[in-house]
Amino acid sequence: MKTILKRFIYSLFIIMMSMGCSEDNKKFDEVGPDGNIVTRGYVSLAKIDITVDISTKGESITKAGEIDTKDFIVTIINKKDNSVAGEWKKSEMPEKVEVYTGDYTVKVVSMKNHKTAAWEQPYYTGSRDFKVSEGVTTIIEPVVCKL
């Protein structure tokens, strides 16, 4: 009788332990500093189109073929608090990044320090606003950089 009782208690213990672990993988809502629930979405960077536009006397000439944009710096900025969500060289960007939902700006510059710009190294810059929604992958429209 004692062995049956021991097996029963042991089995009950194992069942209770396995039930206790079933909630370990449950995701809890993330709460921001303002007390609101924070949600996330995605930004696709795989096919971001960056072109350089040089305007002369009112005529617009696109010179993307002559200007290599692989070393341009791409920065994603959260418009709510101006925090940087990510920054990469165009050639080193991930295909997709996860960010909080909200309004963002993608800023593209030809070099980090525009004060070192020279005739041989002009400073190009461009930006585009976009919105990230919960669970959705946002594709950024083309960014045109100008002098």
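Predicted model: local features only at pLDDT ≥ 70, side-chain atom pairs only at ≥ 80, totals over all residues.
Is K70 buried, exposed or partly exposed? K70 counts as partly exposed, because its relative accessibility is 41%, which falls between the limits of 20% for buried and 50% for exposed.

## Overall make-up

The chain holds one helix and 12 strands. Along the sequence the order is α-β-β-β-β-β-β-β-β-β-β-β-β, with helix α1 covering residues 2–21.

Of the 147 residues in the chain, 27% are buried. Among contacts with a separation of 6 or more, 57% are between residues 24 or more positions apart.

## A nonpolar patch

L5 is a residue of helix α1. Together with F8, I9, L12 and M16, L5 makes a nonpolar surface patch of about 520 Å².

## The β6–β7 hairpin

Strand β6 spans residues 73–78 and strand β7 spans residues 84–89. The two strands pair in the antiparallel sense, over five bridges. They form a hairpin with five residues between them. In the turn, N82 has a positive phi of about 60 degrees. Across the pair, I76 stands opposite G86 in β7.

I76 belongs to strand β6. Its relative accessible area is 0%, so I76 is buried. Apart from neighbours within four places in sequence, the residues in contact with I76 are V43, L45, S83, V84, A85, G86, W88, V97, Y104, T105 and F130. I76 and S127 are 51 residues apart in sequence, while their C-alpha atoms are 9.7 Å apart in space.

T75 is also found in strand β6. With a relative accessible area of 9%, T75 is buried, because buried means under 20%. The side chains of T75 and E87 are joined by a polar contact of 2.8 Å. E87 is also one of the residues that T75 touches when those up to four places away are not counted.

T69 lies in the loop between β5 (59–62) and β6. What is the relative accessible area of T69? The value is 8%, so T69 is buried. Leaving aside neighbours within four places in sequence, T69 is in contact with I50, V52 and K90. T69 and K90 are 21 residues apart in sequence and 7.1 Å apart in space, C-alpha to C-alpha.

## Salt bridges

Side chains of opposite charge can pair when their charged atoms come close. The chain has six salt bridges by the rule used here.

One of them is between the side chains of K70 and D71, with an N to O distance of 3.9 Å. This pair meets the rule because 3.9 Å is within the 4 Å cut-off. D71 has a relative accessible area of 36%, so D71 is partly exposed. K70 and D71 also belong to a network of salt bridges that links them with D68 and K89.

## Charged pairs across the chain

Which residue meets K79 in a salt bridge? The partner is D129, and the N to O distance is 3.2 Å. This pair links distant parts of the chain, as K79 and D129 are 50 residues apart. K79 is in the loop between β6 and β7, whereas D129 is in strand β10 (residues 125–132). K79 is partly exposed, because its relative accessible area is 42%.

Another salt bridge joins the side chains of K131 and D103 at 3.6 Å, N to O. This pair too links distant parts of the chain: K131 is in strand β10 and D103 in strand β9 (residues 102–109), 28 residues apart. K131 is exposed, because its relative accessible area is 52%. D103 has a relative accessibility of 39%, so D103 counts as partly exposed.

Technical notes. Residues numbered from 1 in each chain as written. Heavy atoms only, no water. Patch = residues over 30% accessible without salt bridge, like charges linked within 9 Å, V, L, I, M, F, W, Y side chains within 5 Å. Areas by Shrake-Rupley, 256 points an atom, 1.4 Å probe, with all protein chains shown as cover. Helix = DSSP H or I, 4+ residues; strand = E, 2+ residues; numbered from the N terminus. Pairing = 2+ DSSP bridges. Buried < 20%, exposed > 50% of the residue type's maximum accessible area, 1.4 Å probe, protein only. Polar contact = N/O pair within 3.5 Å; in protein donor to acceptor, adjacent residues only side chain to side chain. Contact = heavy atoms within 4.5 Å.
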